[in-house]
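Here is a short briefing to read alongside the structure. Take a moment with the view below, and then we can walk through it topic by topic.

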Amino acid sequence: MLEIKGKVALVTGASRGIGKAIATVLSNAGGHVVCVSRSAKDVQAVADSLPNASAAACDISSSAGFKELVNKIVEEQGQLDILVNNAGITRDALIMRMKDDDWNMVLDINLKGAFNAIKAVMRPMMKQKSGRIINISSVVGLSGNAGQANYAASKAGLIGLTKSTAKELSSRGITANCIAPGYIATDMTDKLSAAVKEDLEKQIPLGRIGSPDDIANMVLFLASDEASYITGQTITVDGGLVMI
Ligand SMILES: NC(=O)c1ccc[n+]([C@@H]2O[C@H](COP(=O)([O-])OP(=O)(O)OC[C@H]3O[C@@H](n4cnc5c(N)ncnc54)[C@H](OP(=O)(O)O)[C@@H]3O)[C@@H](O)[C@H]2O)c1
C-alpha cells in the first residue's frame, strides 16, 4: 500500500469534491493534511472528519495571504512536503459573450492561484531539498472546449507552469506534475443535464464518469516515494476520453 507517513501536505479546494477526496486519501495514507478553501466552516468539517488534518481558510488568489499561511504551517509543523493545487472554478460562456470579469476571475484563481502557492512553498521545500507539487489541470486544457475558453486556457497554462516548475526545481529534489482529470462527479459537473451526462458516458471508453477517488489515488501515487523519478508530466485520468 502507498504511504506518505510523516509528511505534511497542503491541499487547496479541500472543502468538497476532488479536493476533499485528495485530503481524505492523503490523510488515510499517514500524512498530516492542511485542508484549504475560502469557506472556513466547510473546510474545518472536512479536517475534523480525517485521522490527521487541520484546516485553514484562504483565498488562493491572494499571494500575501497564501504566503502567510505557508509560513504558519512551516512554523507549526516544521515542514511542508506536498502541495496539491486543486482549487478551481468555472465561469462558462462562448468567447463572444464572455465577460472580461469572468475571464480574469478564472485565470486569477485557477492559474495565478497555483503560481502564488508554488512561489510560497518553494523556499521551505528548497531548504528541505525535497518536495512534491501536484497541479490539478483538466482534459480540456489539452483538447480545448467550446464555452470554456477561460477555463481551458487556465488549465493549459497549468501544464506549462508545471513543466517550468519541474525544470527550475528538480535539482533541489522537488518534483512537479500535473493531473488532467476527465469528467468527475462533483458539484462542478452536477450542473450538466442528465442528457449531457448520458452522452458523455457514451464517449468515455471505460463507460462511466469518474469519481473523486480516481483522481485522489493518482495524487497519492505522485506524492509517494514510488513516484520519485517522475517530473514535468501531465497524467490524464479520464476513463480513456482523451487519447493523444
Ligand atoms: N469535476 C470535474 O469533472 C473536473 C474535471 C477536470 C478538472 N477538474 C478540476 O479539479 C479541481 C476540483 O474540482 P471539483 O469538481 O472538485 O470542484 P468543486 O466541487 O467546485 O470544488 C472546488 C473547490 O475549490 C475551492 N475554491 C474555489 N475557489 C477558491 C479560491 N479562490 N481559494 C481557495 N479555494 C477555492 C472551493 O471551496 P470554496 O468555494 O469554499 O473556496 C472547493 O473546495 C478544479 O481545479 C477543477 O477545475 C474537475
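Beyond the residues up to four places away in sequence, Val106 touches Ile89, Thr90, Arg91, Asn150, Tyr151 and Ser154. Please keep in mind as you read that this is a predicted model. Val106 is found in helix H4, and Val106 counts as buried because 24 C-beta neighbours lie inside 10 Å.

**Around Val106 and along H4**

- One of the contacts of Val106 is Thr90; these two are 16 residues apart in sequence, and their C-alpha atoms are 6.4 Å apart in space.
- Helix H4 runs over residues 100–128 and supplies at least two residues of the shell around the ligand.
- Lys127 is also found in helix H4, but Lys127 is partly exposed, with 13 other C-beta atoms within 10 Å.
- Between the C-alpha atoms of Lys127 and Arg172 there are 8.5 Å, although the two residues are 45 residues apart along the chain.

- Where does Lys129 sit? Lys129 is found in the loop between H4 and E5.
- Is Lys129 buried or exposed? Lys129 is exposed, as 10 other C-beta atoms lie within 10 Å.
- The backbone at Lys129 deserves a look: Lys129 is not a glycine, yet its phi is positive, at about 60°.
- For background, most residues other than glycine have a negative phi.

**The ligand shell**

- Which residues come nearest to the ligand? Of the 30 residues around the ligand, the nearest are Gly13, Gly17, Arg38, Gly88 and Thr186.
- By residue class, the shell around the ligand holds eleven nonpolar, 14 polar and five charged residues.
- Besides helix H4, helix H1 (17–28) and helix H7 (187–190) each supply at least two residues of this shell.

**The nonpolar core**

- In soluble globular proteins, nonpolar side chains tend to be buried together.
- The largest nonpolar core here has 69 residues, and the members that touch the most other members are Ala9, Val11, Ile22, Ala23, Leu26, Cys35 and Val219.
- Which helix gives the most to this core? That is H4, with nine residues.
- Ile22, one of those members, is in contact with Val11, Val84, Asn86, Ile215, Ala216 and Val219, once neighbours within four places in sequence are left aside.

**Helix H9**

- Helix H9 covers residues 212–223, twelve residues in all, and reaches 17 Å from its first C-alpha to its last, close to the 16 Å expected at 1.5 Å a residue.
- How many residues of H9 are buried? Nine of the twelve are, which leaves H9 mostly covered.
- Those buried residues are Pro212, Asp214, Ile215, Ala216, Met218, Val219, Leu220, Leu222 and Ala223.
- What do the buried residues of H9 pack against? Their partners are H1 and the strands E1 (8–12), E4 (82–85), E5 (131–136), E6 (174–181) and E7 (234–237).

**Leu2, in the segment before E1**

- Leu2 is found in the segment before E1 and counts as partly exposed, with 14 C-beta neighbours inside 10 Å.
- Not counting residues up to four places away in sequence, Leu2 touches Ala29, Leu220, Phe221, Ser224 and Glu226.
- Leu2 and Phe221 are 219 residues apart in sequence, while their C-alpha atoms are 6.9 Å apart in space.

**Ala149 in H6**

- Ala149 lies in helix H6, which covers residues 149–169.
- Why does Ala149 count as partly exposed? Ala149 has 19 other C-beta atoms within 10 Å, and a residue needs 20 or more to be buried.
- Leaving aside neighbours within four places in sequence, Ala149 is in contact with Ile95 and Met98.
- Ala149 and Ser37 are 112 residues apart in sequence and 24 Å apart in space, C-alpha to C-alpha.

**The whole chain**

- The secondary structure of the chain comes to nine helices and seven strands.
- The radius of gyration is 17 Å, close to the 18 Å that the globule rule gives for 244 residues, so the chain is as compact as a globular protein of that length.
- Along its principal axes, the C-alpha trace spans about 50 × 40 × 40 Å.
- Of the 244 residues, 45% count as buried.
- Among contacts in the chain with a separation of 6 or more, 70% come from residues 24 or more positions apart.

Technical notes
Residues are numbered from 1 along each chain as its sequence is written. This is a predicted model: local features need pLDDT of at least 70, side-chain atom pairs count only at pLDDT 80 or more; totals for chains, interfaces and linings use all residues. A residue is near a molecule or strand if its C-beta atom, placed from the backbone, lies within 6 Å of it. Helices (H or I, at least four residues) and strands (E, at least two) are DSSP runs, numbered from the N terminus. Ala, Val, Leu, Ile, Met, Phe, Trp, Tyr, Cys and Pro count as nonpolar, Asp, Glu, Lys and Arg as charged, and the others, Gly among them, as polar. The expected span of a helix is 1.5 Å times one less than its number of residues. Two residues are in contact if their C-beta atoms, placed from the backbone, lie within 7 Å. The radius of gyration is taken over C-alpha atoms; the globule rule is 2.2 Å times the number of residues to the power 0.38. A nonpolar core is a set of buried Ala, Val, Leu, Ile, Met, Phe, Trp, Tyr and Cys residues joined through C-beta atoms within 7 Å.
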